[in-house]
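Good morning, colleagues. Please look at the sequence and the structure, and I shall then take you through a few parts of the fold.

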Amino acid sequence: MKDYTVDRIRNVALVGHGSSGKTSLTSAFLFDAGATTRLTKVDKGNTVTDFEPEEVDRQISINSAVCFCEWKDHKINIVDTPGFSNFLWDTRAALRAVDAAAVLIDSVAGVEVGTEKVWGMLEEFQLPRLIVVNKMDRENASFKRSVEAVQQFFGRQAVPVQLPIGEAKDFTGVVDLVEKKAYVFEKDESGAVKESDVPADLAPEVDRMNKTLVEMVAESDEKLMETYFEKGELSAGEFREGLKKAILGHQIFPVFAASALANMAAQTVLDGILAYLPSPVERPGVKVKVDGAEKALEASPEDPFCALVFKTISDVYTGRISLLRVFSGRVNPDGAVTNSSRAADEKLSGLFFLQGKEQIAAGQAKAGDIVATAKLKATVTGDTLCAKGADIVFPAIKFPEPSISFAIEPKSRADEDRISQATHRITDEDPTVRIERDADTGQLLISGNGELHVRIITERLKKRFNVDVDLKPPKISYKETIRGRSDVQGRHKKQTGGRGQFGDVWIKMEPLPRGGDFEFEDKIFGGAIPRNFIPSVEKGILDARKKGVLAGYPVVDFKVTLYDGSYHEVDSSDIAFKIAASKAFKKAMKEAKPTILEPIMNVEIYTPEAYMGDIMGNLNGRRGKVQGMEQKGSMRVLKAQVPLAEMLDFEPTLTSITGGRGSFLMEFSHYEEVPSQVQQKIVAEAVKEGRVRPEEED
Ligand SMILES: Nc1nc2c(ncn2[C@@H]2O[C@H](COP(=O)(O)OP(=O)(O)OP(=O)(O)O)[C@@H](O)[C@H]2O)c(=O)[nH]1
Ligand SMILES: [Mg+2]
């Protein structure tokens, strides 16, 4: 491959709601630019970027995947990201690797819940973006309606730079509103295009939209505004330069129209990426910590090497593959670097560009590019690699805590043995998964971001690691806490024959505000308990709080004050005080009005207005509390808080109520007390599972 200078590279993520066409558009890009010899299809399971078996089976993207194409003497690195809510954490991580994004909108559905979610991420990372109204060939496609929806949600900065020629089955191409030129595409998926004059019937609309665009550009810059007022127009140069500047400054989000599936107008989007989205040198310097101080990194190949590991792939043959975005400097395939996040040295053994899963050897990795390397020893996703001595560290990548757990049961002893090895590889690749044994029940728990996520991980265990497990119904991570105060003695005494054991503590227990977790205060004066035993008292309570007295769930949001006790010169020991503290904890908890807490989720539902009533009624039955409702065009956005325990089967319900037109997202909000009738059920369940014994006295 040709060696491209930094200004001739673009790093673009394709983002959007699930099924908006990101993978299909990626396929069209690759085919049109000659990177593939045929137009690959999601429905055929042969795309470059949905290469995992779980992706092929379900026809959705689960992982973000990197590929590239060479277009008009530039290299465009494309990151095809997942749109389904369970996998958006990976999309968020991938955004750390790019300088801009293309946001895909389904021309029939308009803005969906996932669109707003990814939009929020682009705002968070301050990435310039263009918008593609995709699926223009679909029945009921509407460019106008889609643009209106985008403007209602994201503001009037969303301005068309194209006007589609025809819609649905009549969609044949686009008019470029900057050049006022038409591009008409063959309907045979070849991508063959003819440039022509604007069709006469569209001319007035094109003039009007061109004027709107010019005005938006003029508005974005004081000097251009003056020129526009004086002359009544902008020169072609001023217009184009001003447009790009406005896009880089987030004052304009240019809107394109395309049909990825029919390979129509993908090339004009590629042109748009070159013309309007920043090269690595055009984006503001990425903020990093250098020797503790914040600094902006310039994308210069001459500076010290510095790269962020934004993704890890666990490949059956190659092992661990780390995907790097190089932000400055350069490195050779055998380079020695430092992992500055962990103060560990790493030696590279090869560099390659990824075309989906295919690896293409790279002679060097340079500032502004995306590359991959295999077999790093200490490095995980989110780490910084830099030149030895450079000591640069990128801000960490934040991953969500898992929101749902399932128990899994290995089908055989051999399966059980293979699990621990597989766990490592899986969490390497997906830092949001946890596979852990529950200390109380002995059950193996697998936790993730949603049911689909957990099911896919289970499939991966089977396909890649030959681990066969049964997935049990999901478990909610309940907690226990107290509502009242107590003041108790805990005494451990065994003084019959030989060396005895003696520990004696008096503690007060009181509630802390939600999220307060645990506090320990030592108020022993005058040596009632010798100093050296006090940490054992705290340890005893820390151990004991792992299991509450009601249903055996961890205990949170309470404070323990140790204020008195007694000891024995010979028989007192660390262990005796630990046991005394543990006894005191159980007693104190029972006397302090114990209660159970459950996770409450923030739920956001997007639905056409007609289904609002049914959805509200359904949420009521799920102990949901509606927090607010907004109208965005023809859509309603409903925000509610609902206990996770009630949301496990919400997805199919919403689909059936709305005929598939509604979508929702949920994320953890906080813990709240469980109503008493529900508590009784949880306790009964815990007794049945053996987490607690009905009368556990000692
Ligand atoms: N009619 C029509 N269908 C399309 C178009 N683009 C994609 N599709 C179809 O929409 C479905 C989803 O397409 P994908 O490309 O997988 O969408 P995606 O955004 O990558 O989906 P996720 O990665 O799962 O979020 C597939 O069945 C595609 O064939 C289009 O332009 N027109
Ligand atoms: Mg996809």
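Let me begin with I273: beyond its neighbours within four places in sequence, this residue is in contact with R10, V12, F29, I76 and L130, where contact means heavy atoms within 4.5 Å. The model is a predicted one, in which local features need pLDDT of at least 70 and side-chain atom pairs count only at pLDDT 80 or more, while totals for chains, interfaces and linings use all residues. Residues are numbered from 1 along each chain as written, chains are lettered from A and ligands numbered from 1 in the order written, and side-chain values use heavy atoms, with hydrogens and water left out.

Helices here are DSSP runs of H or I, at least four residues long, and strands are runs of E of at least two, numbered from the N terminus. On the α1 side, L25, A28, F29 and D32 meet A266, Q267, V269, L270 and I273 of α9.

Which residues coordinate the magnesium ion (ligand 2)? They are T23, through OG1, and S61, through OG, at 2.0 Å; donors are N, O and S atoms within 2.8 Å of the metal, or 3.2 Å for Na, K and Ca, and water is not among the atoms, so sites may look incomplete. T23 belongs to α1 (residues 22-32) and S61 to the loop between α2 (53-58) and β2 (65-71), 38 residues apart. T23 counts as buried because its relative accessibility is 6%, and S61 likewise at 9%; buried means under 20% relative accessible area, exposed over 50% and partly exposed in between, with a 1.4 Å probe and protein chains only.
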